[in-house]
Amino acid sequence: NFYRQMLYSVEGRLAREYLANRGINQEAEEMFQLGFSPGHRDAVTRHLLDLGYPEQDIISAGLATRMDGGGVRDQFQRRLMFPIANSSGRVVGCGARSLNTSTPKYLNTSRTQVFDKGRILYGLPLARDTIDSAGTAVIVEGYMDVIAAHQHGFQNVVASMGTSLSEYQVSALKNLASSFVLALDPDNAGQEATIRSLESSWKALQ
């Protein structure tokens, strides 16, 4: 909710312009609950502390990190935010895209007790019913690929979030679909990811 509110702040204009340039409409933006992390060092940390959350819980959730000097800073700053939900539809982590020259371009919540990106498919709660009825799951690489696909009516699309498909991810889809389409990027990296995905997920498909 905090990141959603920040998307419509003055500072969030940068993220809104990026989404507009990528052709993402407001309906898709709301469907995927996109947000913005402000550039202040501890904006979300202070917000959550004010709501009564213990500092250690904020760190354990992957939203903040402790600095060498003992202070705490937000994990995500000045980034477009993608909430990541588990198969039950509960948000368990975030993906974040840089909107300036800061690196890395994409940053995910670190592995926590509830978040492991190798065990989650981005967009699955929204795609589940269509995958089940169509019998086909389309797997792409990134957040924006999923959002654009759903916006244009292809609602059986999920993302591996830039990693090779794991056996766990394939097993989750296997319960819904009998056909799988790997629609990864056509560049060399995408082709290599396709091969890795087939190798890593083959056991689950047998």
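1. A definition to begin with: a nonpolar core here is a set of buried Ala, Val, Leu, Ile, Met, Phe, Trp, Tyr and Cys residues joined through side-chain atoms within 4.5 Å. Buried means under 20% relative accessible area, exposed over 50%, and partly exposed in between, with a 1.4 Å probe and protein chains only. The largest nonpolar core has 27 residues, and L19, F82, Y122 and I147 touch the most other members. At least two residues of this core come from each of α2 (13–21), β4, β7 (136–140), α7 (143–151) and β8 (157–159). The largest share, 5 residues, is that of α7.

2. Some housekeeping on the source. This is a predicted model, in which local features need pLDDT of at least 70 and side-chain atom pairs count only at pLDDT 80 or more, while totals for chains, interfaces and linings use all residues. Residues are numbered from 1 along each chain as its sequence is written, and side-chain values use heavy atoms, with hydrogens and water left out.

3. Now the overall picture. The protein has 9 helices and 9 strands; these are DSSP runs numbered from the N terminus, helices being H or I of at least four residues and strands E of at least two. Of the 206 residues, 44% are buried. Contact means heavy atoms within 4.5 Å, and among contacts between residues at least 6 apart in sequence, 62% join residues at least 24 apart. The accessible surface is about 11,000 Å², with 48% belonging to carbon and sulfur atoms; the areas come from the Shrake-Rupley method with a 1.4 Å probe, and for residues only the protein chains shown count as cover.

4. Back to Y122 for a moment. Not counting residues up to four places away in sequence, Y122 touches F32, L34, F82, P83, I84, Y143, V146, I147, V158, A159 and M161. Just after α7, G153 takes a positive phi of about 95 degrees.

5. Which residues does I58 touch, not counting those up to four places away in sequence? They are T45, L48, L49, Y53, L63 and A64. I58 sits in helix α5 and counts as buried because its relative accessibility is 3%. T45 and L48 are among the buried residues of α4, together with A43 and V44. The buried residues of α4 pack against α1, α5, β2 (64–66) and β3. After α4 comes G52, with a positive phi near 100 degrees.

6. The pocket deserves a look. The largest pocket holds about 1,100 Å³ of space. For the method: on a 1 Å grid over the protein atoms alone, a pocket is an open set of points where a 1.4 Å probe fits, with protein on both sides within 12 Å along at least five of seven lines, and lining residues have an atom within 4 Å of a point. There are 38 lining residues, with L63, V91, V92, G93 and C94 nearest the centre. α1 (2–7), α4 (43–50), α5 (55–60), β4 (79–85), β5 (91–98) and α6 (124–134) each supply at least two residues of the lining. The lining divides into 23 nonpolar, 12 polar and 3 charged residues.

7. F76 is in the loop between β3 and β4, and at 1% relative accessibility F76 counts as buried. Leaving aside neighbours within four places in sequence, F76 is in contact with Y3, S37, P38, G62, L63, M81, C94, A96, L107, N108 and T109.

8. Finally, some backbone geometry to check. Most residues other than glycine have a negative phi, and most peptide bonds are trans. Q33, in the loop between α3 (26–31) and β1 (35–37), has a positive phi of about 55 degrees. R78, in the loop between β3 (72–74) and β4, has a positive phi near 55 degrees. Q33 counts as partly exposed at 37% relative accessibility, and R78 counts as partly exposed at 34%. The peptide bond from T103 to P104 is cis, with omega near 0 degrees, and P104 lies in the loop between β5 and β6 (106–108).

Note on methods
Points joined across faces, edges and corners; volume = space filled by probe spheres on them. Nonpolar A, V, L, I, M, F, W, Y, C, P; charged D, E, K, R; others polar.
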